[in-house]
Amino acid sequence: MDCWTPQANGEGHGYNTIQLYLRLGPYSACPDNPNAPIYMPLKAGTTLFFHCWTINSYGNVWWYVRVEGTGWHGWISDANLVGTSVDENGDGQISFHQC
């Protein structure tokens, strides 16, 4: 298990479908992100901006995201996310970066 922070910026945004905490890595066993509101989980429907995605060693897709209106970053499982494709940089292409 590897809990790490990527540096890529991506396009698109989405929201979490359940109340949850952001993680420090792309595994449910990774600790909560200490830069996120540890004692205040993200309510369902919180807007999240995509940075990049990865597939962990169990074959599960995880996204590294930023919480709207904050500097909070962390990992969320694709199973708990609904996304929207958006051309954030206006180049006419929608590109999702792999971490």
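Q: In which strand of this predicted model is Cys-52 found?
A: Cys-52 belongs to strand β2, which covers residues 47-55.

Q: Why is Cys-52 called buried?
A: The relative accessible area of Cys-52 is 0%. Buried means under 20% relative accessible area, so Cys-52, at 0%, is classed as buried.

Q: How far apart are Cys-52 and Gln-98 in sequence and in space?
A: In sequence, Cys-52 and Gln-98 are separated by 46 residues. In space, their C-alpha atoms lie 5.2 Å apart.

Q: How many aromatic pairs does the structure hold?
A: There are three aromatic pairs in the structure. One of them joins Tyr-27 and Tyr-58.

Q: What makes Tyr-27 and Tyr-58 an aromatic pair, and why is the pair described as edge-to-face?
A: Two values decide the matter, because a pair of aromatic rings is described by the distance of the centres and the angle of the planes. The ring centres of Tyr-27 and Tyr-58 are 5.8 Å apart, and rings pair if their centres lie within 6.5 Å. The planes stand at 80° to each other, and an angle over 60 degrees counts as edge-to-face.

Q: Why does the pair of Tyr-27 and Tyr-58 tie together parts that are apart in sequence?
A: Tyr-27 is located in the loop between β1 (13-16) and β2, whereas Tyr-58 is located in the loop between β2 and β3 (61-67), so the pair links parts that are 31 residues apart in sequence.

Q: How do you know whether Tyr-27 and Tyr-58 are buried or exposed?
A: Tyr-27 has 10% relative accessibility; the limit for buried is under 20%, so Tyr-27 counts as buried. Tyr-58 has 65% relative accessibility; exposed means over 50%, so Tyr-58 counts as exposed.

Q: Which residues make up the largest nonpolar core?
A: This core has 10 residues in all: Leu-20, Leu-22, Leu-42, Leu-48, Phe-50, Trp-63, Val-65, Val-67, Ile-76 and Leu-81. Two or more residues come from each of β2 and β3, and β3 gives the most, with three residues.

Q: Which elements does the protein contain, and in what order do they run?
A: The protein has zero helices and five strands. From the N terminus on, the order is β-β-β-β-β.

Q: What percentage of the residues of the protein count as buried?
A: Of its 99 residues, 33% count as buried. The protein exposes about 5600 Å², and carbon and sulfur atoms supply 50% of that area.

Key. Residues are numbered from 1 along each chain as its sequence is written. This is a predicted model: local features need pLDDT of at least 70, side-chain atom pairs count only at pLDDT 80 or more; totals for chains, interfaces and linings use all residues. Side-chain values use heavy atoms; hydrogens and water are left out. Helices (H or I, at least four residues) and strands (E, at least two) are DSSP runs, numbered from the N terminus. Buried means under 20% relative accessible area, exposed over 50%, partly exposed in between (1.4 Å probe, protein chains only). Rings of Phe, Tyr and Trp (its six-membered ring) pair if their centres lie within 6.5 Å; planes under 30 degrees apart count as stacked, over 60 as edge-to-face and the rest as tilted. A nonpolar core is a set of buried Ala, Val, Leu, Ile, Met, Phe, Trp, Tyr and Cys residues joined through side-chain atoms within 4.5 Å. Accessible areas come from the Shrake-Rupley method with a 1.4 Å probe; for residues, only the protein chains shown count as cover.
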